[in-house]
Amino acid sequence: MSDVVEKTLTALPSLLSLDSQPGSAKLSSTSKLGNLIRGITELTSKHEEEKLIQRELASIKEQVSSPNTSMRQMKELMVRAIYCEMLGYEASFSYIHAIKLAQQGTALEKRVGYLAVSLFLNESHELLLLLVNTVLKDLQSTNLIEVCMALTVVSQMFPKDMIPAILPLVEEKLNHQKEIIRRKAVLALYKFYLIAPNQVQHIHNKFRKALCDKDPGVMTASLHIYLQMIQENPEGYKDLTASFVTILKQVVGGKLPMDFNYHSVPAPWLQIQLLRILSVLGKNDQSTSEIMYDVLDESLRRAEMNHNITYAILYECVKCIYTIHPKSDLLEKAAKCIGNFVLSPKINLKYLGLKALTYVVQQDPKLALQHQMTIIECLDHPDLIIKRETLELLFRITNAQNVTVIVEKMLDFLRVSTDDYTTIDLVGKVAELAEKYAPDNEWFIETMNTVFSVGGDMMQPDIPNSFLKLLSEGFDSVEEDRKLRLFAVDSYVSLLQGEPGKLPQRFLQVISWVLGEYSHLRAELQPSTVMRLLSKLLDTKNTSSETKTWVLMTMTKLCEGAAGVSVAQEVSEAYSSSLDTVLRQRAQELQHLSQDSELRARVVPRDAGLEPLEVDSSLSFLDGFVSEALAAGAAPYKPPHQRQEELAQAKALSLEPYGLSLPISISSCSIADRQSPTLLSMSSGLSGDSTDLSHKGGSTTLKLDGVKRVWGKEGYLAQREPVEETAQVEVPSPFRSPSQQAEADSSHSQTPTPVPTPEPTQEKQQLASSLFVGLSSQSSVCLMGKSESAPQRFRRKAKSPSSSSGASEQISNSLVSAPSTVDNLLCDNLLDTNITSELAVSSPTQTSQLSQSLTTANGTCDVELTDTKGSNHSLIRDLSVAVAADPSPHEDPDKPKDFSSHLPAELSGFSHSEITPLCSNQSLDLSACHVQQKDSLVLVVFIYNSSDSDIQQILLELDSDDLEVSGVCGSPVQEVGSQSVAVCQYSLSVKRPSVHVEVGGVVSYQLPVGTPQSAQFSYKLPLTSFIRPLTLSTEEYGTMWLAFSHDTKQNLTLINEGQESLAATLNVLKKKLQLHIVEIIGLEGIVACRLLQDQPCLMHCRVHAGTLAVWLRSPVPDLPDCLMYYCQRALQEH
Amino acid sequence: MQFMLLFSRQGKLRLQKWYVPLSDKEKKKITRELVQTVLARKPKMCSFLEWRDLKIVYKRYASLYFCCAIEDQDNELITLEIIHRYVELLDKYFGSVCELDIIFNFEKAYFILDEFLLGGEAQETSKKNVLKAIEQADLLQEDAKDAETPRSVLEEIGLT
């Protein structure tokens, strides 16, 4: 068939020229659209085209607004308007007429009207509201075509707020006798589910009916909804697994009508959709996975024809097999399948093969080995897409031995890549690999230089940050550190002597910081020389003021000697009147400090390494905060790289290990188990990276760590340790030398390329052996690597109750550079003055016993300069200290169990919610409850002092986006005695309704000794706490009803108690939600309530076809929706 | 699927269907960039492209490029077949379709697309059913039109 198309399409030019040719071209040339199109093709310049279209648009505009234009002409005008818009010219005047056409036209015109609307508007366009009535009317039409048109437009775009208006009609269509209508209705509901899931929650059972529909088309359509729902909640649909498997079996077995065959493959779209659903259901679930093994096997077997469509199914099958709980013979078949893809001469299949390989390579590194020659060929592929995917694959198999080759390949690619997205992504990966596996100093610095130059100002900001931190923290050997820094200084000086104007700003900032800190290491390098080089930067036009700030700070560190001071004076004078305040500030500092060498020595001490500043780099003092946040449902922290990568991973096969030889190194555990929620991503990436680098001084033979990831997919990898140990012992993979392997492979590879001449083959094999080194000997290496490398890694200690430090991860016991303004800029909260944290220090070889040697650090930092840092600094300090002081938050035996006795007397008569803990730490416990009074809601906060001393200056501050908060009783608490409770009351009212409203707060306080502290908390309460009955008469209700603008409608379940079902249902609502029943008249009831203080909401109910049609109205936006939610819940729970 | 574009070898847009809400400005920008990128690719190259955070699947039929944007987890090959099925449908409907058919009857091409893909998902994969639906709608038009004369040239094409 495609041949036919090709043929006819190639015959096209002749068609164009022959006027006498019968067919569409000739016929349409007489129409107005035809004239327009012809007119355009005859034009030669863009300018002429513009003129012609403007003329055309003007004429269309005139005609559409003329009252004499018939709908038929209107239809023709719309088609022309669509055409003009497609050419890129705006025709917004026609939008309203498109809606009118859809509304008033007969079938033919209506169809064009709907089409124009769907092309012109998007779902947030306000004009779309005008379409609602038309859609309503057409949905009720007896003409099937009109119903179809309405459903089609609804499934493409519909205003979210108006869904309730048409929902009952669309639902009705699920029972329509025509399958095309049922199918479109299902897809319309799918669309609703995507944009407003809670609106269609009540029709889930109808989806099941659609799934069981006798028409395969309707069933297929329902799978879209199921895939979506199952992805959101796999647990809820496990019972359907068997049904999906049965359907797939029938499809694969050819039980569907022939109509659904595509190139004699039965319903491929359906198959793929089912495979996708199965993979979600079977993930991490052995018993569910077992149900689907048979059908997966059959799918693999049946898909044997050599056609794209079978490959599409196979690919989905392979993905599924690697995602669900593994079964060895299926995995084997899937691996063979991947092999067929990779070796295929068709480039599209090769691409998918590489993609599949990338995602399974960590579970099965041998697979990459098998295809190493193909991979190498792909690396030189002329198509950048193939190359890019190959690099992605290589990135995942990088280890300490092949890192130089792989990084070189990546940098080569980066130099030619023009796409920003690719550059940002790859630069991040190179930096990650360089830090993880750098073989030596020179290589590391040079690689990072390229990263900074190529990545420029686009790259993730944590790359330069972590680089600087790595440089300043150093590793285990002082000598190594010195060499690294020295090399960096040399390299940067030579760069500055070249053409620094071409370097990106970020790189210049890195350079200036490093020179400021370490240029003294090179004795023969005069500070004034460096300063002159830097001052050249200041004069360059392209240099941003941020960079200039960095340069000025560097100069502050360097200005010594007469020559230096004179440069400093010159520069500071030039910038002391700068318009940029920060720059001016730095210039002032430079000016003062350059004149007062004594002060300068104190502010920026050079050999600060002598007095190491100890820092809790793991941020363990935040653990309490983190676990609280996690408990409250916060997502675990992931650094930007990982997030990006996960996005990329989500697209294909699972990396979840199932026992087999997935080599997760110990180091990954030590790093990954910390999920810091703070902005300080650099420290997290770094502590692990530095450990990896730190043992590079050791014997090189022991660095064979295989493929490893520092971050696991879920972040926390610690619990997998045991699995992996056993697995590695169990699976000794036979060692084959890479070159042997390569030969074996190339001999049976069916690549289209001619047999390579001996010489290039040799080259490629060399490349292969350098790329795939360390992979083949996977398991044995891991065993060795483990015993050797484990002690070198910094592992997080188990939290022991006796140790007050909790789990403070040690940073390398090396030099941390002197506190300076730059340091402060870089890591504000790390270099803080007041943290008294414990630091575990141990030699790298004694990690197993590292728990004991604790030293108390009291870092001293210069206060004068930190003051310039601004307010966010103090915020961080307060928070961190509060949590840091928390040794064991939940183990206080004296904590009073029941605060209710402390409830103020005036509130004791009212019902109060359960008292829930808000936050607690060493000295304070905060709990709260809310009390519902007739006209108000009071939040009561109990502050319990669990320490042995009085706590003073307690300040409780509440704040909320949703709520108005005001204090109730006089002066806020100032002081709480030891072991006693203070109570604060706040009156709350709703600013903006939502289903749950939340109030957040900070408590700050002062212990008798020590610094001010603070802790954060939040309290969540349902909107129903603010609902009170509203008493009014039926007449009043009537007038109010008409006045309110916000409304929502929905059908709710009726409580079935015979004749009185309406009354019974309303009574349940009355009891549960505190509504006032105004009147019940026959099958209708009216109910009223108010939201504190005086915001009314009215409800109108009608019993209709066994359900309760509820209509809520209120002057407050969102209130009807929220209330509907609670009504629905109340009735469901009943 | 996020959107589908049809454009000619000269870079002229012939059809555009967006399944995600975007502003006109973004649409224009995306179209311009994509047309440029795709046209610059050589015939033997991979039909898949990584572009921004999307995956582009394209195929050329004679002078027309069919180009779809899908999300990362979507299946590239099946998207390629969606394009092919669409071409088959056009071919069947117009009777050996050519670019001119699509230019002059683009609204028909849209109608067919809407019967085949709805909201970015394959709606009906049976060729027979899609064409039946279109024919029924066309027939209805004819009925409505019988009263009026003369027949619009445009409609005749659709019915040939």
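Which residues does A:Ser913 touch, not counting residues up to four places away in sequence? A:Ser913 touches A:Cys929, A:His930 and A:Tyr1019, where contact means heavy atoms within 4.5 Å. A:Ser913 sits in the loop between helix H45 (871-884) and strand S5 (916-920) of chain A; helices (H or I, at least four residues) and strands (E, at least two) are DSSP runs numbered from the N terminus. With 18% relative accessibility, A:Ser913 counts as buried. Buried stands for under 20% relative accessible area, exposed for over 50%, and partly exposed for the range in between (1.4 Å probe, protein chains only).

The model is predicted: local features need pLDDT of at least 70, side-chain atom pairs count only at pLDDT 80 or more, and totals for chains, interfaces and linings use all residues. Residues are numbered from 1 along each chain as its sequence is written, chains are lettered from A and ligands numbered from 1 in the order in which they are written, and side-chain values use heavy atoms, with hydrogens and water left out.

**Interface of chain A and chain B**

In the interface, 83 residues of chain A are in contact with 81 residues of chain B. The two chains bury about 7,600 Å² between them, and 61% of this lies on carbon and sulfur atoms. Of the area that chain A buries against chain B, 11% comes from A:Met86, A:Arg111 and A:Trp269, more than from any other three residues. Buried area is the accessible area (1.4 Å probe) that two parts lose on being put together, summed over both.

Between chain A and chain B there are 7 salt bridges, a salt bridge being a side-chain nitrogen of Lys or Arg within 4 Å of a carboxyl oxygen of Asp or Glu. A:Lys184 pairs in this way with B:Glu115. A network of salt bridges also links A:Lys355, B:Glu50, B:Lys55, B:Asp72 and B:Glu76.

By class, the side of chain A that touches chain B has 44 nonpolar, 21 polar and 18 charged residues. Here Ala, Val, Leu, Ile, Met, Phe, Trp, Tyr, Cys and Pro count as nonpolar, Asp, Glu, Lys and Arg as charged, and the others, Gly among them, as polar.

**Salt bridges**

Over all chains, the structure holds 46 salt bridges. The table lists some of them.

| Residue | Partner | Closest N to O distance |
|---|---|---|
| A:Lys184 | B:Glu115 | 3.0 Å |
| A:Lys333 | A:Asp297 | 2.6 Å |
| A:Glu316 | A:Lys319 | 4.0 Å |

A:Lys333 forms its salt bridge with A:Asp297. A:Lys333 belongs to helix H19 (residues 328-343) of chain A and A:Asp297 to helix H17 (residues 286-302) of chain A, so the pair ties together parts that are 36 residues apart in sequence. A:Lys333 is partly exposed, at 37% relative accessibility.

A:Glu316 and A:Lys319 are 3 residues apart in helix H18 (residues 308-323) of chain A, so about one helical turn separates them. A:Glu316 is buried at a relative accessible area of 3%, and A:Lys319 also counts as buried, at 9% relative accessibility.

A:Asp962 is buried at 10% relative accessibility, whereas A:Arg992 is partly exposed at 47%.

**Cysteines**

The structure holds 0 disulfides over all chains, a disulfide being a pair of cysteine sulfur atoms within 2.5 Å. For A:Cys1097, the closest cysteine sulfur belongs to A:Cys1089 and is 4.8 Å away, too far for a bond. A:Cys1097 is buried, with a relative accessible area of 1%. A:Cys919 counts as buried too, at 8% relative accessibility.

**Chain B**

Chain B has 6 helices and 7 strands. Along the sequence, their pattern is β-β-α-β-β-β-α-α-α-β-β-α-α. Of its 160 residues, 68% count as buried. B:Arg32, in helix H1 (residues 24-39) of chain B, is exposed at 55% relative accessibility.
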